[in-house]
Each structure stands twice: as C-alpha cells, then as structure tokens.
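Biologist: I am new to this structure. Please show me how to read it, feature by feature.

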Amino acid sequence: MNEAATETRTVTMEREFPYPPEKLWRALTQPHLIEEWLMKNDFQPVVGHNFNLRGDWGGVLDCEVLAVEPNKTLSYTWNFKHDDAAYNLASVVTFTLTPTRSGTHLRMEQSGFRPDQKQAYGGAHAGWQKFLANLEQVVARAD
Amino acid sequence: MPNAQDVLFKTLADPTRRALFERLCREGEKTVGDLTARAGISQPAVSKHLGVLKQAGLVRDRHEGRQTHYSAQLGALAPLIDWTSQMAGFWQTRFDHLEDLLKRMDQ
C-alpha cells in the first residue's frame, strides 16, 4: 500500500438548528428518531456498543460507539464492507453540538479512508486524474 | 458492479463525447441544436454521441414539443468519484431530513 492509498480524508457538514442541544441529542441518540432521518438501527448511547445502520438500498454499516457526552459529542465508527474493495470504507463519524444564542450548531465530521479507486487506475489512466479532479469540483458545486 | 467504471471510462474516452458531457455539466440543460452549434460536427453525429452518453446513464433526455433537451446526470459518476464527495451529498440530504424531523418533534 502506498501513501496515497491509505490517506485519510474528511467530510464535514455543519448546520445551525433553532432548537436546544437537548432536542438534537434526542434525534441523534434515540433509535426510532435516528431511523427517521438517518437509517434503521439498533443504536444505544453506550461506549463500546456495537450496532448496525441499515440503508434503504440494502447496505449494512458496522458501527461501534466510541464517545458519548450527552448534549455535546457523539462519535461512532462507520464501516462498510464490500466485495469490491473500491466500495470498502472504514471511517469514524463525530457529531459535535454547540449551543448558540438562537439554537444549536451541529457539526458532523466523517474521517476515514478506503482504497482509492483512482489509484487503481494510476499509471494506465494518468490522464484521467485531472479530468476526475475537475469533475469532483463540478459535482461539489452542483450540491 | 465491476464493469461500471469500464463503461464510464469507455464512454468518456472519446474527446468529442467528453466535450459534450462537460458542456452539459458546466452550462446545464441544452437542446441538440444548442450543442451542435458549437460542437463542430453534424447534428446526427451529436445525436449519436448523446445516445451513447444516455446509455451509460451520463445524460438524460426530456422531450418538449419538437425539441429534445439533454442534461448531465452527475450521479452516474459516483463509481469514479472519491467517497468524500459521495458522503457530502449523503449528509446534506440527511441533515435536511433531520431538520424536518426536528420540526415534527415540536408538534
């Protein structure tokens, strides 16, 4: 494995909600509420608890609770095993809640890695690297 | 889907086809006529390329009167794109759902 293939990448999403942290915390930690906005699950807010998130598409994520600090921080692993290595993902999702004057600022950070598909095409498709980088920008803007 | 990447690479390997697709990405929906005006090839040739892009799921067509409008389907690129871009889109949608849920929890 070379350096590029094991490089850690991060996705962050931030949003402010006009509700107190306690309310967001319930949505993040009560299974029936988690199911309504994220996925079906057997979550428990207990460090070390292993659970699954089950997507509508049939995919199952393997998760383990890493940190629970009520109304402040929630962290769990977010791993996806797939026969095709290009779809494998080992990552950690961390939610951080910060009270603001009008509600709560929620920050989601997902850090992890998976064998980079682009890497597999490396030498033979060197010319594609730039093209793909451009496409990523296009897609990012399209959001 | 081991072949998804192969199909996308093959489809986009043709420079003319790639140029058409990139233009749809940059400028949004276009008619065959719009695309032909600047492609430097005949309208049937443009239509043929669009057909191949459509088969690969990279463009979608929409009929309106006598015109056919084409638009880029960025989702089709998912197998080629870094997981971070895919997850960013995923979380965006989930946060929208979370917002809806929080509103409902009020009532």
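Biologist: Which residues have the most contacts inside the largest nonpolar core?

Modeller: First, the ground rules. This is a predicted model, where local features need pLDDT of at least 70, side-chain atom pairs count only at pLDDT 80 or more, and totals for chains, interfaces and linings use all residues. Residues are numbered from 1 along each chain as its sequence is written, while chains are lettered from A and ligands numbered from 1 in the order in which they are written.

Modeller: Now the core. A nonpolar core is a set of buried Ala, Val, Leu, Ile, Met, Phe, Trp, Tyr and Cys residues joined through C-beta atoms within 7 Å. Buried means 20 or more other C-beta atoms within 10 Å of the residue's own; exposed means 12 or fewer; partly exposed is in between; C-beta atoms are placed from the backbone. Here the largest core has 23 residues. Those with the most contacts inside it are A:Leu24, A:Ala27, A:Leu28, A:Cys63, A:Trp78 and A:Leu106.

Biologist: Which elements give two or more residues to this core?

Modeller: Elements are DSSP runs, numbered from the N terminus: helices are H or I, at least four residues, and strands are E, at least two. From chain A come β1 (9-17), α2 (21-29), β4 (60-69), β5, β6 (89-99) and β7 (104-113).

Biologist: What is A:Leu28 in contact with, leaving aside its neighbours within four places in sequence?

Modeller: Two residues are in contact if their C-beta atoms, placed from the backbone, lie within 7 Å. With those neighbours left aside, A:Leu28 is in contact with A:Ile34, A:Leu74 and A:Phe95.

Biologist: How many helices and strands does chain A have?

Modeller: Chain A has five helices and seven strands. Along the sequence, the pattern is α-β-α-α-β-β-β-β-β-β-α-α. Of the 143 residues in chain A, 19% are buried. Take the contacts in chain A between residues at least 6 apart in sequence: 37% of them join residues at least 24 apart.

Biologist: And how many helices and strands are in chain B?

Modeller: Five helices and three strands make up the count for chain B. From the N terminus, the order is α-α-β-α-α-β-β-α. Chain B has 107 residues, and 23% count as buried. Among contacts in chain B with a separation of 6 or more, 53% come from residues 24 or more positions apart.

Biologist: At what angle do α3(B) and α4(B) pack?

Modeller: Axes are lines fitted to C-alpha atoms, for helices over the stretch in contact; angles run from 0 to 180 degrees between N-to-C directions. Helix α3 (residues 32-39) and helix α4 (residues 43-55) of chain B pack at about 115 degrees, with axes 9 Å apart. Under 35 degrees counts as roughly parallel, over 145 as roughly antiparallel, 65 to 115 as roughly perpendicular and the rest as oblique. So α3(B) and α4(B) are roughly perpendicular.

Biologist: Which residues make that contact between α3(B) and α4(B)?

Modeller: From α3(B): B:Val32, B:Leu35, B:Thr36 and B:Ala39. From α4(B): B:Gln43, B:Val46, B:Ser47 and B:Leu50. Next, sort them by type. Ala, Val, Leu, Ile, Met, Phe, Trp, Tyr, Cys and Pro count as nonpolar, Asp, Glu, Lys and Arg as charged, and the others, Gly among them, as polar. This contact of α3(B) with α4(B) has five nonpolar, three polar and no charged residues.

Biologist: How do the axes of α2(B) and α4(B) cross?

Modeller: Helix α2 (residues 15-27) of chain B and α4(B) cross at roughly 75 degrees, and their axes come within 10 Å. That makes α2(B) roughly perpendicular to α4(B). On the α2(B) side are B:Thr16, B:Arg17, B:Leu20 and B:Phe21. On the α4(B) side are B:Val46, B:His49, B:Leu50, B:Val52 and B:Leu53. The contact of α2(B) with α4(B) divides into six nonpolar, two polar and one charged.

Biologist: Why does A:Thr73 count as partly exposed?

Modeller: Count its neighbours. A:Thr73 counts as partly exposed because 15 C-beta neighbours lie inside 10 Å. A:Thr73 lies in strand β5 (residues 73-80) of chain A. The C-alpha atoms of A:Thr73 and A:Thr96 are separated by 4.7 Å, though 23 residues apart along the chain.

Biologist: What is the phi of A:Asn71?

Modeller: Most residues other than glycine have a negative phi. A:Asn71 is not a glycine, yet has a positive phi of about 70 degrees. A:Asn71 sits in the loop between β4 and β5 of chain A.
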